[in-house]
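Look at the structure below before reading on. Keep the sequence beside it.

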Amino acid sequence: TTTTTTTTTTTTTTTTTTTTTATSAQTTTITITSTSSSTTSTQSSTSTTGQSTATSSVSTTEGQSTSSTAGTCDDVTDYNYDEVLELSNLFYQAQRSGPLNTYGDFNYDKIPYRGDSALTDGSDNGVDLTGGYYDAGDYVKFNFPMAAATTLLAWGALDFRNGYSAASQEASTLNTIRWATDYFLKCHTEPNVLYAQVGDGGADHAQWTRVEDMNIARPSFMINAQNPGSDLAGETAAALAAASLVFEDSDPAYADELLQHARDLFNFADTYRGKYSDSVPGASSFYNSWSGYQDELVWSAAWLYKATGEDFYLSKAASNHVDKTVGELSWDDKTIGADILLAQLTGESKYVNKAAAFCNKMADSQQRTPQGMVWIQQWGPLRHAANVAFACLEAAEIQDPSIDAEKYRSFALSQVNYALGDSGRSYVVGFGENPPTRPHHRSSSCPVDPNQPCSWNDYNQPGPNPNTLWGALVGGPGQNDDYQDDRSDYIKNEVACDYNAGFQSAVAGLRALAAEGLLPGSEGVSC
């Protein structure tokens, strides 16, 4: 049974960014005010697996003598999570490919440097592959990490809808997810054909220019029965199945379409086995499928079980499952994500034990930097820290005595707050104290005046990017918290769609806990 009421909320957010150039002692403070409307649905429903889904309204504290409601979050959270969520959604807008304002929501005020681009993608194969997201600081559309990012965003939107509603970011987040899923539907042209990539990584990376001025060829690459990609097809199936749950109340027809494509893609992935990076050689230099495809077969089957309640998919997840200990949740390896999701869905000890062991290790014994960030690897370390933070917020939702929810939530809080300023600086562009101003990102590094050329001279200039890439989480520091805001450092200062996905979902999870009076250290006060 589902009941839905809809309200429209208009919020005005003022963001103050302090930018200090390397060549001048002058500090410029810019205040930008934006007004946006969002539609929030309040719903209560029971899923087909018998588990209650989270309602999208902010939890109240009626009848709870141990809780109270704060007028603002200033005394509950150390950072403004509402602003972080708003800015992260703006980052995804800045990464849009194709016609920017398809949904009528593009924020030209905050992202004036972007225009429509890549409007003929797919034409080399006679298909329309416009849309989707540019991967990072470049202009290639790599579908494997894009799909992985979409699944994590959808998972957060499902389970932490309270947080998005409290931040008035639910509608914006649904558009962030839909921008990807609309593109994936275009890429799935036949039951056993899925486009994997648009653009040539080598040719693309040889240029430094505006995407709107791009004039190199943009070849498109597919997987099919003869050249399979179980990892890519499986991850895309997971993304579409998860998104079908996100949209099942607000747009049931669209949710049904997503779910049907997810079913077909899972069948494709399961029937024709192989690694996508073997079938699309151009992807292997950038997003090689190091962990293979077994994890995506389990991950996608688990999501289809959650979306349909059909035992067929649960048995597929169980039969493909590999007892494997991992040290990350990433665009490549979803093993622990699948274990946590299956633990939520089934309560089976083999999955619960994996979830508990992973989060206990991360919270208790994983290597950390001196200031507290868990160190997993040098490429996008903040992304990895945010991903495991989000994973452990999800693990905290598992109803089992072996799950230490308070510890996992405290761990997640420490990792997110490190990125937002606990380390002594913000690593989110346009947010907080001393944020990065020179991200390795082409579009925002180009001159404000579109009539001025953009070239490697703009890459090499030492000052801040002329345009602010709002909300982007940069790669992050070294294992000793060492970091320089350097555009040429693509290890520490690049941005990417998958960098922000787990991070945004983790922030939404913390915001949901604040709304429910469950944020560690809040002593039951909600906001």
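## Ground rules

This is a predicted model: local features need pLDDT of at least 70, side-chain atom pairs count only at pLDDT 80 or more, and totals for chains, interfaces and linings use all residues. Residues are numbered from 1 along each chain as its sequence is written, and side-chain values use heavy atoms, with hydrogens and water left out.

Helices (H or I, at least four residues) and strands (E, at least two) are DSSP runs, numbered from the N terminus. Buried means under 20% relative accessible area, exposed means over 50%, and partly exposed is in between (1.4 Å probe, protein chains only).

Start with helix α2, residues 143-159. This helix has 17 residues. From first C-alpha to last, α2 reaches 24 Å, close to the 24 Å expected at 1.5 Å a residue. The expected span is 1.5 Å times one less than the number of residues. Helix α2 is mostly covered, with 16 of its 17 residues buried.

Now take helix α12, residues 335-346. Its 12 residues reach 16 Å, close to the expected 16 Å. Because 11 of the 12 residues are buried, α12 is largely enclosed by the rest of the structure. Among the buried ones are Thr335, Asp339 and Gln344. Which helices cover them? The cover includes α2, α10, α11, α13 (349-364) and α14 (381-395). After α12 comes Gly347, whose phi is positive, near 70°.

## Strands side by side

Two strands pair if DSSP finds at least two bridges between them. Strands β4 and β5 run antiparallel and are joined by 2 bridges. Here Lys141 stands opposite Val198 in β5.

Strand β5 also pairs with β6. That pairing is antiparallel too, over 4 bridges. In it, Tyr195 stands opposite Met222 in β6.

## The nonpolar core

A nonpolar core is a set of buried Ala, Val, Leu, Ile, Met, Phe, Trp, Tyr and Cys residues joined through side-chain atoms within 4.5 Å. How many residues does the largest one have? The largest core has 150 residues. Those with the most contacts inside it are Phe247, Trp303, Phe358, Leu420 and Phe503. Helix α6 (residues 230-247) gives the most to this core, with 12 residues.

Contact means heavy atoms within 4.5 Å. Leaving aside neighbours within four places in sequence, Phe247 is in contact with Leu174, Ile177, Arg178, Pro252, Tyr254, Ala255 and Leu258.

Find Ala419 in helix α15, residues 405-422. Is Ala419 buried or exposed? Ala419 is buried, because its relative accessible area is 3%. Not counting residues up to four places away in sequence, Ala419 touches residues including Leu382, Tyr427, Leu473 and Phe503. Leu382 is 37 residues away along the chain, yet the two C-alpha atoms are separated by 6.9 Å.

## Charged pairs

Side chains of opposite charge can pair when their charged atoms come close. A salt bridge is a side-chain nitrogen of Lys or Arg within 4 Å of a carboxyl oxygen of Asp or Glu. By this rule the count comes to 23 salt bridges. One of them joins Asp82 and Arg511, at 2.6 Å from N to O. Asp82 lies in helix α1 (residues 81-94) and Arg511 in helix α18 (residues 497-515), so the pair ties together parts that are 429 residues apart in sequence. Asp82 is partly exposed, at 23% relative accessible area. Arg511 counts as buried, at 5%.

Asp121 and Arg218 also meet in a salt bridge, at 2.7 Å from N to O. Asp121 lies in the loop between α1 and β4 (141-142), and Arg218 in the loop between α5 (201-205) and β6 (220-223), so this pair ties together parts 97 residues apart in sequence. Both Asp121 and Arg218 are buried. Arg263 and Glu310 form a salt bridge as well, at 2.7 Å from N to O. Arg263 lies in helix α7 (residues 252-271) and Glu310 in the loop between α10 (294-308) and α11 (311-320), so parts 47 residues apart in sequence are tied together. Elsewhere, salt bridges that share partners join Asp121, Lys141 and Arg218 into one network.
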